[in-house]
Amino acid sequence: NPNGKKENYFTAVDIRESIEFALANGADIVNMSLAADIYYMDVAGKSEWVNLVTDADAEKALFVAAAGNSGTDSSKKEYYPGASPNVVGVMNQSKNVNGKSMLSLTSNYGAAYDICAPGYSVISADGAEGAVDTGYRVLNGTSMSSPVVAFAAALLELKYTASPDAGFPVTPDNIRGALRVHTCLLYTSPS
């Protein structure tokens with residue numbers, strides 16, 4: 001981090017290099033547990049994030065990304081890369097006090113994102129400061145939801161690869177479509 005802080009820090013260039021590395025090494029599905037608020041960036045900075053995952057990238061692999069955790073409607077402010085049309089944007093689903101599934105109040109939401117997944121009280125093996133003695137800690141948010149969707153995409157890819165007679169060509173776009181079709185709940189607002 002250029003500011004000397006211990007928190008995670010990345011630029012669009014860092015993420016772009018990671019995408020190129022993943023594709024060069026044969027990744028079929030790429031999870032990006034990150035979200036950038038581009039609202040106050042200049043035009044060039046916004047363009048970098050909006051176009052982070054290109055059409056050509058999306059033909060080679062399925063990209064899944066967190067929607068962000070500001071409780072913001074995408075019609076007011078979009079977070080990238082999750083709001084990109086070349087990415088499956090993931091919102092955070094949790095449960096209310098009665099155990100009913102709902103969109104987390106902190107999850108970004110709206111038409112720019114595609115799917116919800118559990119992201120509350122997920123045990124993470126990040127080993128970061130604040131983790132219990134085992135190197136694990138409990139985390140919440142769309143960065144925890146995003147890998148759930150990436151895993152579901154991998155299972156769909158395996159299912160259709162293992163059954164080639166099903167008539168379902170295994171492409172990133174078809175897996176993206178299958179994920180969207182299998183989404184039971186569509187959220188527009190956490191209220």
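**Exercise 1. Is K77 buried or exposed, and which residue does K77 pair with?**

Start with the ground rules. The model is predicted: local features need pLDDT of at least 70, side-chain atom pairs count only at pLDDT 80 or more, and totals for chains, interfaces and linings use all residues. Residues are numbered from 1 along each chain as its sequence is written, and side-chain values use heavy atoms, with hydrogens and water left out.

Step 1. Check accessibility. K77 has a relative accessible area of 19%, so K77 is buried. (Buried means under 20% relative accessible area, exposed over 50%, partly exposed in between, with a 1.4 Å probe and protein chains only.)

Step 2. Find the partner. K77 forms a salt bridge with D37, and the closest N and O atoms are 3.3 Å apart. (A salt bridge is a side-chain nitrogen of Lys or Arg within 4 Å of a carboxyl oxygen of Asp or Glu.)

Step 3. D37 sits in strand β2 (residues 36–37), and K77 in the loop between β3 (62–66) and β4 (79–80). The two are 40 residues apart, so the pair links distant parts of the chain. (Helices, H or I, of at least four residues and strands, E, of at least two are DSSP runs, numbered from the N terminus.)

Step 4. Compare the partner. D37 is partly exposed, at 32%.

**Exercise 2. Trace the salt-bridge network that contains R16**.

Step 1. Count. The whole structure has four salt bridges.

Step 2. Take R16 and E20. Their closest N and O atoms are 3.1 Å apart. Both lie in helix α1 (residues 12–24), four residues apart, so about one helical turn separates them. E20 is partly exposed at 44% relative accessibility.

Step 3. Take R16 and D57. Their side chains meet in a salt bridge at 2.5 Å, N to O. R16 is in helix α1 and D57 in helix α3 (residues 55–60), so this pair ties together parts 41 residues apart in sequence. D57 is buried, at 4% relative accessibility.

Step 4. Join them. R16, E20 and D57 are linked in a network of salt bridges.

**Exercise 3. Classify the geometry of the aromatic pair Y39 and Y40**.

Step 1. Count. The structure holds two aromatic pairs.

Step 2. Read the geometry. Y39 and Y40 lie 4.8 Å centre to centre, with 90° between the planes; the pair is edge-to-face. (Rings of Phe, Tyr and Trp, its six-membered ring, pair if their centres lie within 6.5 Å; planes under 30 degrees apart count as stacked, over 60 as edge-to-face and the rest as tilted.)

Step 3. Check accessibility. Y39 is partly exposed at 43%, while Y40 is exposed at 72%.
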